[in-house]
Structure formats: structure tokens, C-alpha cells
Amino acid sequence: MTASKKITSSLVEQQVSKSYQVNLIEDDNVTTSECAATSTGQHLIADFYGASQLNDIELMEDALTQAAATAGATLLHIHIHTFVGGGITGVALLAESHISVHTWPELEYAAFDAFMCGDAQPEKAIALLESIFTPSRIELKNIARG
């Protein structure tokens, strides 16, 4: 299957339709053709140590939304889950790929992952997340994909 071929699975159509209904994206003609035009993407793995506000689900949703916009990516859907006792896991699904997060507030630690292709700039997403969660230390890995 080529990256620009339309996926016709009813489950995928229902998920995309749900994303449109919550108005996360305005353009219902989003395709992956821009990503197909390049053979690589940039994948940033960021470990935040000494970070704050890692158990605030509303802040996390807002942060992921802002991070996608700041990176120049197209947000399709966000799903976030909180755990009893603390911690968040979540993903912002992008036309260009994703931003994901897993937090351990009791350790003041968060693991962020930003993978994007095309003209999107995942380093801007990570910088925005850093400004919101104010870690005392960051370890960053940059992986060229494809």
C-alpha cells in the first residue's frame, strides 16, 4: 500500500469521522501525500526530569494541542488517559505522525516522543512542552527515520 492510498477500513473511517466531529481539524481533505514525498521523518525522544504539573489532564491536552500547532503539524485526534494513583499516558495523532507522552508525577519524570515528517518541526513541539512542564534536566535523542 502506498502512503497516499485512501484507507477504507470502516473502523478507521469511524475514528477519523469522530475526530472531525470534535472539530480538532478543519480540513477534511487531509492526506499523507506530503509525508510520502519525503523518505525520512524526524523522531525526537525527550526525557524530562524534575518536571512539574505532570498529573493535570487538561493542561496535558492543551500542551499537546499547542505543541502540534507550534510544530506546524495537522492535529487529527487526541486521546489521553489518567491512572489511579497518578500518571498520564496520551497521544496526539497527527497527519504527519504523532506526539506521545507518559508521565510519572511521583518521580517528576515525563517521556515525550515527537515523530513528524514533511515540513513539520518536532523540535518546536519539544521546546513548547519544555516551557510548559519546566523540567530541570532534559535528555534528547534525535533519530532520522526512513
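The buried residues of helix α3 are covered by, among others, β2, β3, β4, β5 and α4. This is a predicted model, so to speak of local features we need pLDDT of at least 70, side-chain atom pairs count only at pLDDT 80 or more, and totals for chains, interfaces and linings use all residues. Residues are numbered from 1 along each chain as its sequence is written, and side-chain values use heavy atoms, with hydrogens and water left out.

Some terms. Helices (H or I, at least four residues) and strands (E, at least two) are DSSP runs, numbered from the N terminus. Contact means heavy atoms within 4.5 Å. Buried is under 20% relative accessible area, exposed is over 50%, and partly exposed lies in between, with a 1.4 Å probe and protein chains only.

Back to α3. Which of its residues are buried? They are M60, A63, L64, A67, A68 and A71. These cover an arc of only 130° around the axis, which puts them on the same side of α3; the arc is that of the directions from the helix axis to the C-beta atoms. The face turned away from that buried side carries the exposed residues E58 and A69. With 15 residues, α3 reaches 21 Å from its first C-alpha to its last, close to the 21 Å expected at 1.5 Å a residue. The expected span is 1.5 Å times one less than the number of residues.

Helix α3 (residues 57–71) lies across β2, β3 (88–94), β4 (97–104) and β5 (109–117), and runs at about 155° to β2. For such angles, axes are lines fitted to C-alpha atoms, for helices over the stretch in contact, and the values run from 0 to 180 degrees between N-to-C directions.

Next, the loop between α3 and β2, where A73 sits. At 15% relative accessibility, A73 counts as buried. Leaving aside neighbours within four places in sequence, A73 is in contact with A68, L94, E96, M116 and A120. A73 and M116 are 43 residues apart along the chain, and their C-alpha atoms are separated by 7.9 Å.

Now the other helix, α4 (residues 122–133), which lies across β1, β4, β5 and β6 and runs at about 15° to β1. Its buried residues are P122, A125, I126, L128, L129, I132 and F133. They cover an arc of only 160° around the axis, which puts them on the same side of α4. Their cover includes β1, α3, β4, β5 and β6. Just after α4, T134 takes a positive phi of about 40°.

On to the sheet. Six strands form an open sheet in the order β2-β3-β4-β5-β1-β6, with antiparallel pairing; two strands pair if DSSP finds at least two bridges between them. The edge strands, β2 (75–82) and β6 (137–145), each pair on one side only. β1 (residues 41–49) pairs with β6 over nine bridges, and I45 stands opposite K141 in β6. Seven bridges join β2 to β3, where H79 has V91 as its bridge partner.

Last, confidence. pLDDT is the predictor's confidence in each residue, from 0 to 100. The chain has a mean of 81, and 73% of its residues reach 70 or more. Where is confidence lowest, and where highest? It is lowest in helix α1 (residues 10–21), at a mean of 33, and highest in α4, at 98. Over residues 1–27 the pLDDT is below 50, and that stretch has 22 contacts in the model beyond near neighbours in sequence.
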